Amino acid sequence: MHRVNWFEYPTGIHPNADNDMRWFDQGKLNLAYNCIERHCNNKEMMDVAAVIYNSHEKTGFLTYNQLRNKIKIFQAKMNKLEITKDDKILIYMPNIPEAV
């Protein structure tokens with residue numbers, strides 16, 4: 001299994017002269033896909049805990065599949081409000097799993 005799924009592979013690795021950081025030239029990836037979706041596409045991983053929480057209000061965990069389903073519900077609500085990619089929004093929530 002790849003550590004990172006690239007949508008466009010980098011053409012090279014650009015060293016940073018000031019420190020040890022390196023950048024991947026021309027590479028494109030999707031953070032949400034790499035953190036959640038690719039695990040949901042793997043039958044061995046979809047029911048593994050993605051988020052484990054223990055707060056005053058709730059204790060438990062969400063699997064990758066459960067997290068993806070919650071994201072889809074949230075996405076549908078955003079679409080209903082006609083919020084688009086370039087809109088700026090602020091969400092204030094307590095320290096609960098839905099804040100992820």
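Analyst: The model is predicted, so local features need pLDDT of at least 70, side-chain atom pairs count only at pLDDT 80 or more, and totals for chains, interfaces and linings use all residues. Residues are numbered from 1 along each chain as its sequence is written, and side-chain values use heavy atoms, with hydrogens and water left out.

User: Why is the pair of Phe7 and Tyr33 called edge-to-face?

Analyst: Rings of Phe, Tyr and Trp (its six-membered ring) pair if their centres lie within 6.5 Å, and planes under 30 degrees apart count as stacked, over 60 as edge-to-face and the rest as tilted. Phe7 and Tyr33 lie 5.6 Å apart centre to centre, with 75° between the planes, so the pair is edge-to-face.

User: What makes Phe7 exposed, and why does Tyr33 count as partly exposed?

Analyst: Buried means under 20% relative accessible area, exposed over 50%, and partly exposed in between (1.4 Å probe, protein chains only). Phe7 has 53% and is therefore exposed; Tyr33 has 24% and therefore counts as partly exposed.

User: How do you know which residues in the lining of the second largest pocket are nonpolar, polar or charged?

Analyst: Ala, Val, Leu, Ile, Met, Phe, Trp, Tyr, Cys and Pro count as nonpolar, Asp, Glu, Lys and Arg as charged, and the others, Gly among them, as polar. The lining residues divide into six nonpolar, one polar and three charged.
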